[in-house]
Every structure is written in structure tokens, then in C-alpha cells.
Amino acid sequence: MSDTTRGTVGGPGDGTRAVRAGLPEPVKHEPTLPGPVFAAHFHLPGDPTGPYTYGRDENPTWTLLERAVGELEAPGRDDAETLVFASGMAAISAVLFSQLRAGDAVVLPDDGYQALPLARAQLEAYGIEVRTAPTGGDAQLEVLDGAKLLWIETPSNPGLDVCDVRRLADAAHAQGALVAVDNTLATPLGQRPLELGADFAVASGTKQLTGHGDVLLGYVSGRDAEAMAAVRRWRKIVGAIPGPMEAWLAHRSIATLQLRVERQNATALRLAEALRERPEVTGLRYPGLPDDPSHKIASQQMRRYGCVVSFTLPTRERADRFLDALRLVDDATSFGGVRSTAERRGRWGGDAVPEGFVRFSVGAEDPEDLIADVLRALDVTAD
């Protein structure tokens with residue numbers, strides 16, 4: 001993992017890039033970040049040419065946000081395009097259903113995001129073969145033969161396994177398959193899938209990218225013009241578009257991304273180190289821990305390790321008591337927000353995790369306060 005906080009001769013640092021990403025050229029007396037454009041239609045005399053014709057197709061607020069995300073996911077690349085969506089699942093669905101046809105095969109992780117099984121059922125209903133394998137150990141390579149699309153989620157949610165994106169992408173491309181990487185947990189400041197060989201970087205902007213728990217958003221960044229044209233067409237067909245206010249809020253929030261990521265990731269490592277000393281905690285995972293099974297490959301392809309720590313407490317009851325005892329942590333689903341959240345993932349029934357498994361999203365609280373709260377909650381709920 002390299003220090004990317006500071007700029008180099010190769011370009012600006014992450015903080016500089018984040019606060020200036022997607023801003024228009026300065027115009028005297030105009031705001032540095034224009035407000036949201038609320039428009040279902042635009043003045044359009046004569047032939048329908050130009051960038052803005054109808055609100056389902058394009059919007060100036062989306063344009064600035066898409067430019068901002070693109071500058072983070074693919075800095076310095078002229079061949080990459082970004083499209084924003086109404087949610088992370090809208091973005092995921094756009095790639096899957098725009099690239100696959102009846103008779104195709106797709107490889108998904110069997111330990112990925114909880115809604116992927118819903119997508120699998122719909123893909124199979126359309127006559128698409130779905131194969132699955134775990135993220136860890138690059139196991140998806142074993143079921144790749146003949147697939148049209150390889151879907152990678154690294155680190156995986158919620159188990160935090162990591163796979164070698166370069167290795168999998170090279171193998172997939174050698175067979176003529178496209179590669180999509182769900183970059184939600186890492187964010188573009190933690191990992192740049194397009195630079196690792198992926199064709200698509202896909203993410204839920206709902207999480208750490210925007211970081212305040214008040215926006216549903218998704219995006220797809222891609223470097224294949226034909227494939228991205230199909231994604232754009234899918235967005236138009238299904239109308240999975242973000243509102244201008246959500247897009248503007250997202251763009252505004254990106255300005256603090258580097259600040260939030262640095263604080264949250266540093267605290268996540270400290271929390272993981274503290275949890276490692278607790279005898280009731282098992283199955284602790286955080287890619288930033290030197291002894292984590294994913295650390296070696298994560299350190300080769302990730303620039304930061306993320307804000308999520310996962311671990312298991314002895315029983316469901318103990319996990320529930322622990323969550324109830326926390327004072328600075330909200331019991332909520334999602335991750336990446338400035339306020340720490342945690343939940344017992346088994347309550348949803350869709351993840352293959354123990355009943356006492358806890359996914360903990362580290363926020364921007366003072367590290368000492370947050371860690372003290374966690375250790376206190378463990379103490380007061382001890383059996």
C-alpha cells in the first residue's frame with residue numbers, strides 16, 4: 001500500500017483530486033459547484049442535437065458528478081466513461097443485464113453482496129447460466145471457462161476476502177470474457193479496478209463515496225466504449241436515474257472523501273488491533289492487519305484497506321447484547337458513513353455467516369472514544 005495522500009510529479013494527490021473533481025471551468029460570479037438542475041425537458045428548437053434533450057437521458061448535474069467519479073476511478077484516462085444510477089443495485093443490474101444474453105454464462109462470487117442471489121434468480125429466468133465460487137484464493141478461476149462475464153467483489157461483503165484482480169482479469173480476457181469489479185467497499189481511493197485490468201468498476205455510491213447515509217446512488221465506470229454504450233442504453237430503457245438533488249449531494253460529499261477515508265481507515269485498523277486482543281472475538285477480518293489472510297494480495301493492489309471490520313461473537317444473543325450496549329454506534333445496515341454502524345448480519349438470512357457475526361463500519365468519531373465504547377460494550381455484555 002502506497003502513500004497517495006500527497007501529490008507527485010504524476011499528478012495531484014487524492015485530497016486535491018477529491019476536492020476539485022468534476023468542477024466546471026471557473027466563470028466570474030458563478031458558483032464553483034453549480035446547484036442541482038431540476039429539469040424534465042430542455043429548450044430544444046430544431047433538430048434534437050446537443051448534450052441535453054430530455055431528463056431521462058442526461059442532466060448537467062449528473063454530468064459533473066460523472067466527471068468527478070471518473071477522475072477518481074480512472075485519473076488521467078481518456079478512454080474511460082462513468083454513468084451514475086439511482087442506486088448501487090441499479091448500477092449492478094445495468095452491467096449484468098446489458099452485457100448478458102440467453103445462453104451466456106456469468107461467474108459471480110458466492111460470498112458477495114446479499115442482493116446478488118436476487119440478481120442470479122433473474123439472470124437464470126432469462127436463460128443465463130450462473131456459476132459461483134468464493135472470492136478467496138481466486139477460486140472463481142476454476143469456473144471461468146466459457147463465461148461471458150466475470151463479476152468480482154473484492155474485498156467481499158461482509159467476509160472481507162480479497163482476490164487478485166490482475167490475475168483474474170488476465171485469465172478472463174484470455175478467454176474473451178469481460179470483467180466487472182464491485183469497488184464499493186474499497187472506494188476509488190482504496191482501489192482502482194480499471195488500472196488492475198477490469199473492464200468495469202461498479203459501486204454503490206450510497207456507502208463511503210458519499211459517506212453521510214442520506215443518498216442512494218450507484219455508478220459504473222468503464223473503458224470499453226461499446227460495452228458502456230450498452231450500459232447507457234439499459235439506463236435509458238429502465239429509467240434507473242438519480243434525481244438531480246441526490247447527484248448534487250453526492251458531488252458535494254466527494255470533496256471530503258479523502259479526509260473521511262483517511263480517518264475511517266486508520267481507526268478501523270486500530271479497532272481491529274484492539275479486537276484481536278479480546279478472547280471472545282473470533283474470525284476477525286480486516287485486510288490491513290498484517291496477519292489477515294487477505295493482507296498480502298490486498299497490499300499489492302489496494303492503496304487503502306477500507307473502513308469495515310468483521311468479527312464473530314460466541315452467540316447470537318451475545319452479539320445482540322453487544323450491539324445494544326454500544327453508545328456511539330448505530331445498529332443499522334449499510335457501511336461507510338461518518339457515523340459508525342454495526343449489525344449482526346445473520347438477521348437478514350442471506351449471508352453464510354455465523355449467528356454471532358458482526359459487520360462493523362468505522363465512522364469518523366475520535367478513535368479513542370470509539371474504541372473505548374466498543375471495549376466497554378464487550379465488557380458489560382460478557383457472559
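**Entry 1: the nonpolar cores.** I looked up the largest nonpolar core, which has 33 residues; Leu275, Val309, Phe311, Phe322, Leu326, Phe360 and Val374 touch the most other members. I note that the model is predicted. Next I listed the elements that each supply at least two residues of this core: helix H8 (257-275), helix H9 (295-301), strand E9 (308-312), helix H10 (316-325), strand E12 (357-361) and H11. Apart from this core lies another, of 28 residues, among them Leu83, Ile92, Val130 and Met228. In soluble globular proteins, nonpolar side chains tend to be buried together.

**Entry 2: Phe322 and Thr381.** I then took the contacts of Phe322, leaving aside residues up to four places away in sequence: Phe322 touches Phe311, Leu313, Val374, Ala377, Leu378 and Thr381. I followed the last of these names. Thr381 lies in the segment after helix H11 (367-380). Is Thr381 buried or exposed? I record Thr381 as buried, because its relative accessible area is 5%, and buried means under 20%.

Entry 3: I traced five strands that form an open sheet in the order E8-E9-E12-E11-E10, with mixed pairing. Strand E8 (282-285) and strand E10 (330-331) are the edge strands, and each pairs on one side only. E10 and strand E11 (residues 341-344) run parallel and are joined by two bridges. Asp330 stands opposite Thr341 in E11.

**Entry 4: helices on the sheet.** H8 packs on the sheet and touches E8, E9 and E12; the direction of H8 makes about 15° with that of E9. H10 lies across E9, E10, E11 and E12 and runs at about 160° to E11.

Methods: Residues numbered from 1 in each chain as written. Predicted model: local features only at pLDDT ≥ 70, side-chain atom pairs only at ≥ 80, totals over all residues. Heavy atoms only, no water. Helix = DSSP H or I, 4+ residues; strand = E, 2+ residues; numbered from the N terminus. Buried < 20%, exposed > 50% of the residue type's maximum accessible area, 1.4 Å probe, protein only. Core = buried A, V, L, I, M, F, W, Y, C linked by side-chain atoms within 4.5 Å. Contact = heavy atoms within 4.5 Å. Pairing = 2+ DSSP bridges. Axes fitted to C-alpha atoms, helices over the stretch in contact; angles between N-to-C directions.
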